[in-house]
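Student: Please take one part of this model and look at it closely. Then tell me how that part sits in the rest of the chain.

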Amino acid sequence: MMTLLTAYFSYDRNPAQTIRSLVEERRFGLAVAGYAAAALCWVVFFWAGAELSAWGLLWRFVFFWLLEVTLGYLWAALSGLFLNFFSGGNGPSALFVVMGLSGFVQGLLLCFALPAAAAPWLKPLAALALLVVLMLRLAFVVLNASRAAQVSASKTMGALCFALVPVAAGLCLCLGMLGLFISFLI
């Protein structure tokens, strides 16, 4: 907890140096805590005000935490590969840490979800709040990954977007295989 608070206050003073030091130290625990914070925000955002049992809440949290870590790992691995073409720097493990830290930005969803649970007239604005927070999270990743790799933000954004191409191709292949499998059954 002290590491998180120290990183937070030093980030306020010098963001570039703080991100470089966190990346060089490979703060895996801090990244996993960021993914856990993002998972908690997903659960609270989607199920605030719902009557959930403790087990239901726990299973949803574990599911979203595993989803966050897995997607963060895959996106960091692919983006780090493409980002290494532009810099001789840190690579996928550094990007995994930066993406994990971006989970704390998602805590802004709580600022919307908790009042929306009390005031139902705020629920129609949920999609807008989600979009704004996800854009802020992406901006955090792009800016800090570019600081860690010491490349321009446009190259970092290009590497992050280009990493989605294999994921989209894999998803299309899986959906095609599922369609082919279903056609054989019919």
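Tutor: Take the contacts in the chain between residues at least 6 apart in sequence: 72% of them join residues at least 24 apart. Contact here means heavy atoms within 4.5 Å. The model is predicted, so local features need pLDDT of at least 70 and side-chain atom pairs count only at pLDDT 80 or more, while totals for chains, interfaces and linings use all residues. Residues are numbered from 1 along each chain as its sequence is written, and side-chain values use heavy atoms, with hydrogens and water left out.

The chain has nine helices and zero strands. Both kinds of element are DSSP runs numbered from the N terminus: helices are H or I with at least four residues, strands are E with at least two. Of the 186 residues, 35% are buried. Buried means under 20% relative accessible area, exposed means over 50%, and partly exposed lies in between (1.4 Å probe, protein chains only).

Our part is helix α7, residues 126-149. Glutamate 68 forms a salt bridge with arginine 137, and their closest N and O atoms are 2.8 Å apart. A salt bridge puts a side-chain nitrogen of Lys or Arg within 4 Å of a carboxyl oxygen of Asp or Glu. Glutamate 68 lies in helix α4 (residues 54-83) and arginine 137 in α7, so the pair ties together parts 69 residues apart in sequence. Both partners are covered. Glutamate 68 counts as buried because its relative accessibility is 12%. Arginine 137 is buried too, at 10%. A search of the whole structure finds one salt bridge.

Leucine 136 has 41% relative accessibility, so it counts as partly exposed. Helix α7 gives the largest share of the patch, five residues. For scale, the chain exposes about 11000 Å², and carbon and sulfur atoms supply 76% of that.

Finish at serine 146, also in α7. Serine 146 is buried because its relative accessible area is 8%. Its side chain reaches the backbone oxygen of leucine 143 at 2.7 Å. Leave aside neighbours within four places in sequence, and serine 146 is in contact with Val151, Ser152, Ala153 and Thr156.

Methods: A polar contact is a pair of N or O atoms within 3.5 Å; within protein, one must be able to donate a hydrogen and the other to accept it, and residues adjacent in sequence count only if both atoms are side-chain atoms. Accessible areas come from the Shrake-Rupley method with a 1.4 Å probe; for residues, only the protein chains shown count as cover.
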